[in-house]
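Me: I'd like to learn how to read a metal site and a helix pair in a model. Can you walk me through it?

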Amino acid sequence: MTRESLPKKNIRKEIYVTAVIFAVIFLAMAFFLFNFVKSDSKEFIYNSYNSRFSVFADDVVRGNIYTADGRVIAKTSKDEDGKEIRVYPDERLFCHEVGYVGKGMAGLEAGYSFELLKSHITLQDQINNSLTGQKSPGDSLYTTLDYDAQKAAFEGLGLYEGAVVAIDPDAGKIIAMVSKPDYDPNTIAKYWDDINDSSKNSSVLLNRATNGVYPPGSTFKIVTTLAYLRANNGNSDYSFNCKGKLDIDDYTIHCSSNKQHGSEDLLSAFSNSCNSAYASIGVNLDRDEFVKTAEDLYFNQKLPTLLDNTKKSVFGIDSTTKESIVAQTAIGQGETSVSPLHMCMLVSAIANDGELMEPYLADRIESEEGEIISQTEAVSAGNIMSSSEVALLNSYMEAVVMDGTAGKVDFGDLSVYGKTGTAEYSENKKLTHSWFVGYAKDDDGKKLAIAVIMEGAGYGSKYAAPLAAKVFNAYFQE
Ligand SMILES: [Zn+2]
């Protein structure tokens, strides 16, 4: 042993110890990072929202948003200075669902920002991109929306304000959702001050499909019919002699154009949309039972849906309410107001044999390479109607379309079940919203439920029902 060999041995030992320490630190860091990315990251990111999103955006290009049939409805491009910008190729068509990025975020852009800024391309590709200073492509969001149905709803609504909601009743997938007035998410930043100028009373950011509440008019007769059936243990026996109007206390209920419908049973009262018959049914119902039926159908309740931020519908009568008000409420005026989404959910449950599926818009997240990262599972809110109630409502809603108030609307070869509504909303009762709610079914059993409201348009049979027919055509044609 020379004196020189001793320090050499020590140096070797020190190198070994140092290497082990670094290896342990490296493994600990890798473990922490792995856990962070795999499990805790979403909560962590959302806790410190703004700064962390921008950190991800340094490495990942925000992913695309697609319709169910594969059309790109939001993507990231570069402007002439090479700066990343968000582009919405269809401008206003999907504005209330997709939302925007720019002045903060809204819609699916806000709800799925984390997922769109994650990349699930291979680790090797991510490292290569990182080494060459390139960003990795973010994951994509596929919505439940159908391009053609959405376009038909958007164009059919035209210059009217209002909303259209269409749902696949078997799963709760939202197939179309349009609200007007609307905005172009491409230019939201430019017009931001105008949009938010309270003196201009702009409501373009409001999604009327989920957050607008309207008098339901005669579409509410679906609820009153269920209340009558429940009060009579499912027995639909009923007779009424309509004289075109009905006095209740100091108030007169009129049938449309004061038409005398004569002798009616429940089916003909429903398909004629007889106000006198339904006002009479309403005042004769036990008040608490009427309220219970409405609340069992999610009036005065938060709607069961995977969407956040929806407005409650109102059923505002109780044991102290005057009979004349109850009579008006039973025909969808008075103390009730609904969102188009809620009405669509009610007919969707009828189309699905009484079972209500919770509506949703985001179907799945896919990586750039087409691998499914996460998939929304349909959620049932349970049965809100019995099979026998559904069978009766189906026959009544079929009569509306065959020879009732929507008898003149051309629904093509589809089997359609519906209810029209013409809802008064002005003091002098001259102004009316045009409603249609219902569903269509083709020979293969494919179904689509819909609610249409056109503000101030007039008769439901003349405006909203033909628009529903256009959306059905667009959807079933494929
Ligand atoms: Zn009548």
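Me: What spacing do the donors of the zinc ion follow along the chain?

Reply: Donors are N, O and S atoms within 2.8 Å of the metal (3.2 Å for Na, K and Ca), and water is not among the atoms, so sites may look incomplete. Here the spacing is C-x12-C-x5-H-x12-C. This is a predicted model, where local features need pLDDT of at least 70, side-chain atom pairs count only at pLDDT 80 or more, and totals for chains, interfaces and linings use all residues. Residues are numbered from 1 along each chain as its sequence is written, and side-chain values use heavy atoms, with hydrogens and water left out.

Me: Which residues are the protein donors of the zinc ion?

Reply: Cys-242 (SG), Cys-255 (SG), His-261 (ND1) and Cys-274 (SG), lying 2.1 to 2.3 Å from the ion. His-261 and Cys-274 are both buried (under 20% relative accessible area, 1.4 Å probe, protein chains only).

Me: And how do I read the angles?

Reply: Four donors count as tetrahedral if all angles lie between 85 and 135 degrees. The zinc site, with 105 to 114° among its 4 donor atoms, is tetrahedral.

Me: At what angle do H12 and helix H14 pack?

Reply: Two packed helices are described by the angle between their axes and the distance between the axes. Axes are lines fitted to C-alpha atoms, for helices over the stretch in contact, and angles run from 0 to 180 degrees between N-to-C directions. H12 and H14 (residues 323–330) pack at about 125°, with axes 8 Å apart. Helices here are DSSP runs (H or I, at least four residues), numbered from the N terminus.

Conventions. Four donors count as tetrahedral if all angles lie between 85 and 135 degrees; four count as square planar and six as octahedral if opposite donors are over 155 degrees apart and all others between 65 and 115; anything else is irregular. Buried means under 20% relative accessible area, exposed over 50%, partly exposed in between (1.4 Å probe, protein chains only). Helices (H or I, at least four residues) and strands (E, at least two) are DSSP runs, numbered from the N terminus.
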